[in-house]
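Q: Could you walk me through this structure in plain words? I am new to this, so please take it slowly.

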Amino acid sequence: MKALKIIIPSEKADIVRGLLTNLKIQFSSIKMENETQIELIVNQDQTSILLEELKGIGVGTVFGQIQIFPVSLSVESKVSKFVQKGKSISIDEMISNTKGLGILSTHFVLLCIFAGLLAAFGLLFDNVIIIIASMIIAPLLGPIALAVIGTLLPKNVYSKKAFLAEFIGLTTCLVIGLLVGLIIPLENLTNQITIRTSPGIPDIVFAIVSGLAAGIFIIRGESTNIVGVAVAASLCPPATNVGVLLAKQEWWMALGSFVLLILNVFSIYAACALIFWITQSFVRGGSISERQFKKITQKYYIRILAAIFLLISIIVIIILFY
């Protein structure tokens with residue numbers, strides 16, 4: 001369940017009350033000096049539709065604001081009831097959950113630098129524990145998720161910023177790997193370096209499953225900390241590995257590691273997008289007309305087929321050439 005607090009100018013209160021009454025939603029209203037505060041609780045799977053209806057009459061876009069809070073416990077008649085989380089959250093909540101580490105910022109870059117340093121030392125010293133530590137702090141899931149969420153919006157204002165953040169993050173890991181590789185001598189390439197020099201079916205399957213899991217976690221509003229580590233495992237070490245191999249002048253192996261990185265990026269993006277687009281095509285939201293909904297649904301069907309084709313193509317390429 002979700003608790004919504006709607007704060008609007010008092011002269012607009014009757015419009016919102018009328019909408020909620022038509023939707024048969026119970027609410028409480030508190031009138032202040034110049035504003036009216038309306039509070040209500042709805043099921044989680046109804047949040048998206050209600051938000052679209054409210055935005056359709058101007059709430060949160062033209063006037064007022066909407067605040068959303070999770071409800072984890074409901075107490076009725078002195079009996080505690082633990083409320084289970086719904087099937088999905090609204091797009092606005094997805095953006096709120098992923099925007100923090102989905103757009104380029106000083107915090108994002110610093111985490112990428114630290115992750116790159118750990119990955120580089122782990123690769124050069126053949127230390128799996130250090131490499132796992134780099135996966136834990138690498139914030140590389142956020143930009144991919146935000147880029148996909150952006151494609152769900154009529155005005156895609158987030159994808160370009162998210163793609164830029166992902167590019168900067170991966171480039172940072174690569175550069176850190178290059179610098180550390182130039183500083184630290186290495187007689188023979190370690191096992192952790194060589195196993196990331198060419199793509200294989202297990203690598204791509206791992207990336208695809210990580211992307212699918214990430215999509216499910218995000219649309220349900222769950223914490224992405226664990227699945228984010230799985231995604232970072234397919235991105236941070238390979239990106240850093242490219243830099244290390246360039247520093248050691250292993251050009252061909254660096255190219256193989258770079259190909260692995262690119263295929264992992266495409267696999268994670270397509271798999272995560274597949275989940276997002278499927279859920280979007282089967283859930284009608286808000287006040288759009290039937291004709292508009294059919295048009296949007298057709299668009300997502302095309303994207304779903306394109307994502308499936310891309311994933312199959314990647315697997316076929318690896319089978320044929322690797």
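Q: Is L104 buried, exposed or partly exposed, and what is the reason for that label?
A: This is a predicted model, and in it L104 counts as partly exposed, because its relative accessibility is 35% and that class lies between the limit for buried, under 20%, and the limit for exposed, over 50%.

Q: Okay, and where is L104 found?
A: L104 is found in a loop, namely the one between helix α3, which covers 91-98, and helix α4, which covers 106-124.

Q: Which residues does L104 touch, if I skip those up to four places away in sequence?
A: With those left out, L104 touches V109, A165 and I168.

Q: And how far apart are L104 and K161?
A: In sequence L104 and K161 are 57 residues apart, while in space the distance from C-alpha to C-alpha is 7.2 Å.

Q: Changing topic: in what order do the 4 strands of the open sheet come?
A: The order is β2-β3-β1-β4, and the pairing is antiparallel. Strands β2 (28-31) and β4 (65-70) stand at the edges with a single partner strand each, so one side of each has no neighbour in the sheet. On average, and ignoring direction, neighbouring strands of this sheet are turned by 15° against each other.

Q: How many bridges join β1 to β4?
A: Strand β1, residues 2-9, is joined to β4 by 6 bridges, and the two run antiparallel. Within this pair, I7 stands opposite Q65 in β4.

Q: Which helix packs on the sheet?
A: That is helix α2, residues 47-56, which touches β1, β3 and β4, and whose direction makes about 5° with that of β1.

Q: What about Q37, is it buried or exposed?
A: Q37 counts as buried, because its relative accessibility is 15% and the limit for buried is under 20%. The place of Q37 is in strand β3, which covers residues 35-42.

Q: With which side chain does the side chain of Q37 make a polar contact?
A: The partner is the side chain of E39, and the distance is 2.6 Å. Leaving aside neighbours within four places in sequence, Q37 is also in contact with several residues, among them I7, S28 and I30.

Q: Last one: how many helices and strands are in the chain?
A: The chain has 13 helices and 6 strands, and of its 322 residues 44% count as buried. The accessible surface of the chain comes to about 16800 Å², with 64% of that belonging to carbon and sulfur atoms.

Terms used. Residues numbered from 1 in each chain as written. Predicted model: local features only at pLDDT ≥ 70, side-chain atom pairs only at ≥ 80, totals over all residues. Heavy atoms only, no water. Buried < 20%, exposed > 50% of the residue type's maximum accessible area, 1.4 Å probe, protein only. Polar contact = N/O pair within 3.5 Å; in protein donor to acceptor, adjacent residues only side chain to side chain. Contact = heavy atoms within 4.5 Å. Pairing = 2+ DSSP bridges. Axes fitted to C-alpha atoms, helices over the stretch in contact; angles between N-to-C directions. Areas by Shrake-Rupley, 256 points an atom, 1.4 Å probe, with all protein chains shown as cover.
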